[in-house]
Amino acid sequence: MKKLLLIPILLLSAAISSYAQPKSMTIKEFRALAEGDETECLLKGVVTVVKIPDRGSFYIKDETGEVLVFGIKDDEGKLFKELDIRVGDTLTVSGRKTFYQRVVMEMKDALLVSKSDSPYHDKME
């Protein structure tokens with residue numbers, strides 16, 4: 001009887017441990033990933049440009065490069081406008097590398113992991 005109980009527990013444990021945690025990397029490392037790479041990535045950078053606010057399209061930059069983030073929400077489902085993201089804010093985002101029309105590299109449908117407002121956040125519109 002004990003062996004029968006042990007098998008489901010081992011299977012559940014294997015399933016949980018196989019869930020890939022996002023891999024923390026620089027933007028340069030993110031950009032170097034091969035097309036089609038399914039790695040869940042964790043990037044930290046400063047918002048440099050908000051391109052299309054209605055769509056949540058913006059750029060983040062770290063000391064190694066810059067990348068487009070297209071679409072973002074937090075774990076509660078709040079979208080870009082509700083998250084009050086502005087130029088200068090520091091974000092940590094999770095997502096995968098994708099290409100738009102096989103040309104523009106981006107992180108699409110990112111998950112906001114953390115946000116730190118810039119000192120000028122409330123003064124910027």
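This is a predicted model: local features need pLDDT of at least 70, side-chain atom pairs count only at pLDDT 80 or more; totals for chains, interfaces and linings use all residues.
Mentor: Let's start with a term. A salt bridge is a side-chain nitrogen of Lys or Arg within 4 Å of a carboxyl oxygen of Asp or Glu. Residues are numbered from 1 along each chain as its sequence is written, and side-chain values use heavy atoms, with hydrogens and water left out.

Trainee: Okay, what makes Asp54 and Lys81 a salt bridge?

Mentor: Their side chains come to 2.9 Å, N to O. That falls within 4 Å, so the pair qualifies. The two partners belong to distant parts of the chain, 27 residues apart: Asp54 is in the loop between β2 and β3, and Lys81 is in helix α3. By the way, helices (H or I, at least four residues) and strands (E, at least two) are DSSP runs, numbered from the N terminus.

Trainee: Why is Asp54 called exposed?

Mentor: Here are the cut-offs: buried means under 20% relative accessible area, exposed over 50%, and partly exposed in between, using a 1.4 Å probe and protein chains only. Asp54 has 66%, so Asp54 counts as exposed. Lys81 has 60%, so Lys81 counts as exposed too.

Trainee: How many salt bridges does the structure hold?

Mentor: Six. Among them is the one between Arg86 and Asp84, whose closest N and O atoms are 3.0 Å apart.

Trainee: And how do you know whether Arg86 is buried or exposed?

Mentor: Check the number: Arg86 has 19% relative accessibility, which means buried, as the limit is under 20%.

Trainee: What else can you tell me about Asp84?

Mentor: Asp84 has a phi near 55 degrees, a positive value in a residue other than glycine. Asp84 is in the loop between α3 (80-83) and β5 (90-100). Asp109 has a positive phi of about 55 degrees as well, although Asp109 is not a glycine, and its place is in strand β6. With 57% relative accessibility, Asp109 counts as exposed.

Trainee: Why is Glu38 called exposed?

Mentor: Its relative accessibility is 55%, so Glu38 passes the test for exposed. Glu38 is in the loop between α2 (27-32) and β2. Its C-alpha is 7.5 Å from that of Lys97, 59 residues apart in sequence.

Trainee: What does Ser118 touch, and how do you decide on a contact?

Mentor: Contact means heavy atoms within 4.5 Å. Setting aside neighbours within four places in sequence, Ser118 is in contact with Val87, Gly88 and Asp89. Ser118 is in the segment after β6, and its relative accessible area of 9% means that Ser118 is buried.

Trainee: How do you know that β3 and β4 pair?

Mentor: Two strands pair if DSSP finds at least two bridges between them. Strand β3 (residues 57-62) and strand β4 (residues 65-73) have six bridges, in the antiparallel sense. They form a hairpin with two residues between them, and Lys61 stands opposite Glu66 in β4.

Trainee: What is called a pocket, and what volume does the largest pocket have?

Mentor: On a 1 Å grid over the protein atoms alone, a cavity is a set of points where a 1.4 Å probe fits but cannot get out, while a pocket is an open set with protein on both sides within 12 Å along at least five of seven lines; lining residues have an atom within 4 Å of a point. The largest pocket has a volume of about 210 Å³. Eleven residues line the largest pocket, and the closest to its centre are Ile52, Leu68, Phe70, Tyr100 and Glu106. β6 gives the most to the lining, with three residues.

Terms used
Grid points are joined across faces, edges and corners, and a volume is the space filled by probe spheres set on the points.
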